[in-house]
Amino acid sequence: MSDTSEDAPIYGPFFGVMGASAAIIFSSLGAAYGTAKSGTGISAMAVMRPELIMRCIIPVVMAGIIAIYGLVVAILIVGNITTPATGYTLYKGFLHLGAGLAVGFSGLAAGFAIGIVGDAGVRGTAQQPRLFVGMILILIFAEVLGLYGLIVAIFLYAKN
């Protein structure tokens, strides 16, 4: 049997672990920013119109979904990491790193977008309730950015 150190070096799983870490860290950072920014907007809005609090909590829920995308990819990656002796190649490590970075950075960007739109949207909705539908549509477009990263990450993960 040939030496597997060329195809499966000892540091190969490091890249897979970094991919799983990047997926959860960056998507959670985006979700946390989106939650915090939208939450401050909800607090400011609640002073003027407390009856709209439950209706305007949607940006916070949408920001939380971004972290779930990263969690799903991180769990998929971690479940597939093995030792180099059992065939975990450098190629697989790089694919897992790419998948984690794809979902992580897109989740970070989506979280920023959701936070900014959610903050301005709920404050605007307090002054003009007809802005609510427009805010929801823009939030959906911001959420889709994170979904794009999830799709790319799943494609990278599934490529063997």
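**Helix packing and core of the predicted model**

The axes of H2 and H3 approach within 8 Å and cross at roughly 175 degrees. H2 is therefore roughly antiparallel to H3. Axes are lines fitted to C-alpha atoms, for helices over the stretch in contact, and angles run from 0 to 180 degrees between N-to-C directions. Angles under 35 degrees count as roughly parallel, over 145 as roughly antiparallel, 65 to 115 as roughly perpendicular and the rest as oblique. Helices (H or I, at least four residues) and strands (E, at least two) are DSSP runs, numbered from the N terminus.

The model is predicted: local features need pLDDT of at least 70, side-chain atom pairs count only at pLDDT 80 or more, and totals for chains, interfaces and linings use all residues. Residues are numbered from 1 along each chain as its sequence is written, and side-chain values use heavy atoms, with hydrogens and water left out.

On the H2 side, the contact (heavy atoms within 4.5 Å) is made by Pro59, Met62, Ala63, Ile66, Tyr69, Gly70, Val73, Ile77 and Asn80. H3 contributes Lys92, His96, Ala99, Gly100, Val103, Gly107, Ala110, Ile114, Gly118 and Val122. The residues of the contact of H2 with H3 comprise 12 nonpolar, six polar and one charged. In this division Ala, Val, Leu, Ile, Met, Phe, Trp, Tyr, Cys and Pro count as nonpolar, Asp, Glu, Lys and Arg as charged, and the others, Gly among them, as polar.

The axes of H3 and H4 come within 7 Å, again crossing at roughly 175 degrees. H3 is thus roughly antiparallel to H4. The contact of H3 with H4 has 21 nonpolar residues, nine polar and one charged. For H1 and H2, the axes come within 8 Å and cross at roughly 175 degrees. This makes H1 roughly antiparallel to H2. In the contact of H1 with H2, 15 residues are nonpolar, nine are polar and none is charged.

The largest nonpolar core has 28 residues. Such a core is a set of buried Ala, Val, Leu, Ile, Met, Phe, Trp, Tyr and Cys residues joined through side-chain atoms within 4.5 Å. Met45, Ile66, Val73, Val103, Ile114, Met135 and Leu139 have the most contacts inside this core. Helix H1 (12-48), helix H2 (58-80), helix H3 (90-127) and helix H4 (131-158) each supply at least two residues of the core. The largest share, eight residues, comes from H2. Beyond its neighbours within four places in sequence, Met135 is in contact with Pro59, Val117, Gly118, Gly121, Val122 and Thr125.

His96 lies in helix H3 and has a relative accessible area of 1%, which makes it buried. Buried means under 20% relative accessible area, exposed over 50%, and partly exposed in between (1.4 Å probe, protein chains only). Not counting residues up to four places away in sequence, His96 touches Gly16, Gly19, Ile77, Asn80, Ile81, Tyr88 and Tyr157. His96 and Ala158 are 62 residues apart in sequence, yet their C-alpha atoms are 9.5 Å apart in space. Asp119 also lies in helix H3. Asp119 is buried, at a relative accessible area of 11%. With residues up to four places away in sequence left out, Asp119 touches Lys37, Ser38, Thr40 and Gly41.

Val72, in helix H2, is partly exposed at 38% relative accessibility. The C-alpha atoms of Val72 and Ala20 are separated by 9.6 Å, and the two residues are 52 apart along the chain. Tyr11 lies in the segment before H1. Tyr11 is partly exposed, with a relative accessible area of 47%.

An unreviewed UniProt entry lists "domain: V-ATPase proteolipid subunit C-like" at residues 18-77 and 97-156. UniProt positions are given in the numbering used here, feature names are shortened, and annotations may be inferred rather than shown by experiment. Residues 18-77 are 85% helix and 0% strand, with end C-alpha atoms 10 Å apart. Residues 97-156 are 95% helix and 0% strand, and their end C-alpha atoms lie 9 Å apart. The unreviewed entry also places "transmembrane region" at residues 12-36, 57-82, 94-119 and 131-158. The span 57-82 is 88% helix and 0% strand, and its end C-alpha atoms lie 41 Å apart. Over residues 94-119 the figures are 100% helix, 0% strand and 37 Å between the end C-alpha atoms.
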